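Colleague: I would like a close look at one part of this model. Please take me through the place where the two chains meet, starting from a single residue.

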There are 2 protein chains.
Amino acid sequence: MIRHIVLFTWTEEATDEQKAAVTAELRKLPGLIPQIRSYTVGADAGINQGNHEYAVVADFDSVDDYLVYRDHPDHQTVIAERIRPILGARAAVQLSV
Amino acid sequence: MIRHIVLFTWTEEATDEQKAAVTAELRKLPGLIPQIRSYTVGADAGINQGNHEYAVVADFDSVDDYLVYRDHPDHQTVIAERIRPILGARAAVQLSV
């Protein structure tokens, strides 16, 4: 299994509406990309200081399935239209588990 | 459920032995901290450029159980003795899922 993990911070100018649109659009992807086995997205719970603000954890059966997701036009549209306009920092790892 | 996610980069001076010791010591924690429901740790798979180098994904039934883990002496020992000496950057999120 490949577990894809990405954490974001948002710009100071990002609005609540823009942040909510990221979640709304990402949550459509499991219905559009059948290679996604498990998909967990959302805002940081606010337990600790200094955290990033948002996380995506997506599981796939194989590297090839992850690459289908990574490069899928519907995913790239969310990145280009919803994430990149409010993106501060990004940290990612793919784990082979 | 609370999903705790943390990504690390290592210093340039970090050795393979030091990196391997992080995994070996972290993987002992589920046997020492019964509040851990699921625990996935490991090095980045090398699929993409620009990634962080290491990930920990830990699931808990509640915020209180996560806090037991966060503050547990055995966990704090791994952080102090194995992670902090080779830590570059750290990014974390706790998701309520």
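Modeller: Start with Arg3(A). This is a predicted model, and in it Arg3(A) has a relative accessibility of 7%. Arg3(A) therefore counts as buried, since the cut-off is under 20%. The residue belongs to strand E1 of chain A. Its side chain makes a polar contact of 2.8 Å with the side chain of Asp59(A).

Now look at what else surrounds Arg3(A). Neighbours within four places in sequence are left aside here. Within chain A, Arg3(A) is in contact with Val57(A), Ala58(A), Asp59(A), Val93(A), Gln94(A) and Leu95(A). In chain B, Arg3(A) is in contact with Arg3(B), Thr40(B) and Val57(B). So much for the single residue; next comes the interface as a whole.

In total, 29 residues of chain A are in contact with 29 residues of chain B. The size of an interface is often given as the accessible area lost when the parts come together. Here chain A and chain B bury about 2,200 Å² between them. Carbon and sulfur atoms account for 63% of that area.

Which elements build the side of chain A that touches chain B? Those giving two or more residues are strands E1 (2-10), E2 (38-43), E3 (54-60) and E4 (87-96), together with helix H3 (63-71). E4(A) gives the most, with six residues. By type, the residues on this side of chain A are 18 nonpolar, seven polar and four charged.

Then there is the symmetry. A rotation of 180° superposes chain A on chain B, with 0.0 Å of shift along the axis and an RMSD of 0.0 Å. That is the relation of a two-fold axis. In chain A, the C-alpha nearest the axis belongs to Ala91(A), 3.4 Å from it. Of the interface residues of chain A, 100% are also interface residues in chain B, so the copies meet through the same surface.

One more residue, this time in chain B. Gln35(B) sits in the loop between helix H2 (29-32) and strand E2 (38-43) of chain B. Its relative accessible area is 21%, which makes Gln35(B) partly exposed. Leaving aside neighbours within four places in sequence, Gln35(B) is in contact with Asp59(B), Phe60(B), Asp65(B) and Val68(B). Gln35(B) and Tyr54(B) are 19 residues apart in sequence, and their C-alpha atoms are 22 Å apart in space.

Note on methods. Residues are numbered from 1 along each chain as its sequence is written. Chains are lettered from A and ligands numbered from 1 in the order in which they are written. This is a predicted model: local features need pLDDT of at least 70, side-chain atom pairs count only at pLDDT 80 or more; totals for chains, interfaces and linings use all residues. Side-chain values use heavy atoms; hydrogens and water are left out. Contact means heavy atoms within 4.5 Å. Buried area is the accessible area (1.4 Å probe) that two parts lose on being put together, summed over both. Helices (H or I, at least four residues) and strands (E, at least two) are DSSP runs, numbered from the N terminus. Ala, Val, Leu, Ile, Met, Phe, Trp, Tyr, Cys and Pro count as nonpolar, Asp, Glu, Lys and Arg as charged, and the others, Gly among them, as polar. Buried means under 20% relative accessible area, exposed over 50%, partly exposed in between (1.4 Å probe, protein chains only). A polar contact is a pair of N or O atoms within 3.5 Å; within protein, one must be able to donate a hydrogen and the other to accept it, and residues adjacent in sequence count only if both atoms are side-chain atoms. Copies are superposed by least squares on the C-alpha atoms of residues with pLDDT of at least 70 in both.
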